[in-house]
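Welcome, and thanks for taking a look at this one with me. Here are a few notes to read alongside the picture.

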Amino acid sequence: NLFRRLLGEGALTAAFVPALNDALKDRQREGAFAVVNTVASWLFVVSGGVVVISMAAILLSIRLAPEATGYGVDLDTVRRWLEAADLAIILFPYLMCACLAAAFSAALQTLQRFVEPALSPIWLNVAMITCLGGATYAGWAHSPDGRMLWLCGGVLIGGFLQVSVPALALAREGWRPRFDLRVSDSLAEIVRLMVPTLFGSAIYLINMSVSRFIGLSLNESAVVVLNLATRLMELPIGVFAIAVSTVIFPLISKYAGEGKWDSVASTYHKGLRLILVINVPAAAGLVALALPIVQLLFVRGEFSEDHARLMQPVLIVSGLGLPFFAFVNIMLRAFYAQRDTKTPVRAALISFVVNIALSFALMGPFDTMGLALASNLAVVVQAVYLQRQLTKKRASLGFQPVVANLIKVTLAAVVMGVAVMFGWRWWASVMPATKLADAAGVAVLISAGVALYGGLIWAMKIEGRDDLALVFARIRGRFSRKRG
C-alpha cells in the first residue's frame, strides 16, 4: 500500500490528468494516447523494478531471519514474521496491477468515462470474496494458511481485472498499447508534478503509522478500534466523496488548462455542494447510530460488548470529522488542477505536526478517543489551511458561495440525526435484543432518516434542487417510455 500510494493512485493521478488534458487539447486523442503509452511503459518498468527488488530483499531477509533469535528475538515473533514475509512475496506483484490500473482509469476519466474507473474496487472485492468464500465452501481451504493463500490468489486475480477492464475500455476509445520509454515533455511535466505529491503521500503514511504506534502504547484494543472506525468512515468517503472528486477533477483540470476560471469556480463549488449534501448527513447518521452499527457489524467472537462501547465514542468523533475529510479530498483536486502540488504537501506536514502534538496531549485524559480527536482536529486544520491558500490563489474559489447551502444542510442533518437517535431508543425498548431485530431497526431508521433529510433540504430549497428535479424527471421519463 505504501508503494501503491506513492507510484499509483494518489501521486500519479494528480500529475497525470492535467498532462493528459493538455495533450488532448493540443494534439487530440492521438497525442493523449501517446502520453498514456509513455506513462504506462515507465510505470511497468519502475513498478516492476520495485517488485523484483522488494521480493529479492524479502527472500534475503527470510534466509537471515532464524539468526534473529541470537539477538534476543523470540521464536514466535520470528515465525509470525516469516509467515507475513511469505505472503508479501506472493502479493507484491499486485503493485504493478494497481499502478497500471490507476493510469488507465485516469485516462478514461479525462475522456469523460467514469463507469470503468468506479468499478475498479469492485473487481478486487468480488475476486477476493469469490476465491476465499468459494474455496472455503468447496472444502479446498482446510487451514488458516490455506485460506490466506486463497485470499492472496483473489487479490492477484482482482488486480488483473482492475487492469484489464479499463484497458479494454480505452481500446474501445481508440487506444492501441505500445511500449514507449521516450522521455517526452509530457513525461517530464508529470514527474515534476509527482515529486511533491510523493512527499505528501509519505507524510500521510507516516502520520497514520505513528498514530497506530501511539495507540499500541495505550492498550491492545486501541489500534483495532481506530482501524475499524476508519473503515466505517471510508464507506461514505469512498462511495461519495471520491466519486464526486473523480468526476470533478478532469473537468476543473480541463477548464484550468483553458484559462476558464469562472467554469473552474462553478464546477468546484458544485462539487463542494454535492459532497456536503451527502457527507454532512452521513456524519449525523454515524453519530446517532454509532453503537447499534458497531454492535451489528462487529460484536461476535473476540469482539465483545465492552469493545463496542469502547469504539462508540471513537466512531462518534470520527463521524464528526467526516465532512472535513471529504472537503480536503476535493480541495486537493483544485490545487492539482492548477499544477500546484507543493501547497498540499505543506498542508499534509502541518496536519502531521498537529496530529502528533494533539495525540500526546489528548491520549491521557481521553484515552483512545483522544487519538481519534487528534486525528480529526488535524484534518480540520488542514482543511482550513487549504481553503485559505486556495482563496489566496483564486478569489473565485472561496468558500462563501456554499455557506448558505452548508447552513441548510447542517440544520437538516441535525434534525434528522436527533430523530434517528430517539427512533433507535424507542426501537430498542420495544424490540427483542437480537441481531435480526437490530439489523431491521438500523435499516428502517436509515431509510426514514434519508427520507426526512431529503424532504427537509427540498423544502429549504437548497441550491441545485432544480438540477436534482431534472434528473428525477429524466429517470421517470425513461421508465415511462420503457413501460409504454
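How many aromatic pairs does a search of the whole structure find?

1. The search of this predicted model turns up 5 aromatic pairs. One of them joins F298 and F303, whose ring centres are 5.8 Å apart with 40° between the planes, a tilted arrangement. F298 is buried at a relative accessible area of 19%, and F303 is buried too, at 12%.

2. Another tilted pair is made by F327 and F399, with 5.3 Å from centre to centre and 55° between the planes. This pair links distant parts of the chain, 72 residues apart: F327 belongs to helix α12 (residues 322-337), while F399 lies in the loop between α13 (342-393) and α14 (403-430).

3. Are the two partners of that pair buried or partly exposed? F327 counts as buried because its relative accessible area, 10%, is under 20%. F399 has 22% and is therefore partly exposed.

4. Please also look at where charges meet rings. The charged end of R394 is placed over the ring of W261, 3.7 Å from the ring's centre. Likewise, R425 has its charged end over the ring of F422, at 5.3 Å from the centre.

5. Finally, turn to T38, found in helix α2 (residues 9-64). Its relative accessible area is 5%, so T38 is buried. Which residues is T38 in contact with, leaving aside neighbours within four places in sequence? They are D180, R182, S184 and L187.

Conventions:
Residues are numbered from 1 along each chain as its sequence is written. This is a predicted model: local features need pLDDT of at least 70, side-chain atom pairs count only at pLDDT 80 or more; totals for chains, interfaces and linings use all residues. Side-chain values use heavy atoms; hydrogens and water are left out. Helices (H or I, at least four residues) and strands (E, at least two) are DSSP runs, numbered from the N terminus. Buried means under 20% relative accessible area, exposed over 50%, partly exposed in between (1.4 Å probe, protein chains only). Contact means heavy atoms within 4.5 Å. Rings of Phe, Tyr and Trp (its six-membered ring) pair if their centres lie within 6.5 Å; planes under 30 degrees apart count as stacked, over 60 as edge-to-face and the rest as tilted. A charge sits over a ring if NZ of Lys or CZ of Arg is within 6 Å of the ring centre and within 35 degrees of the ring normal.
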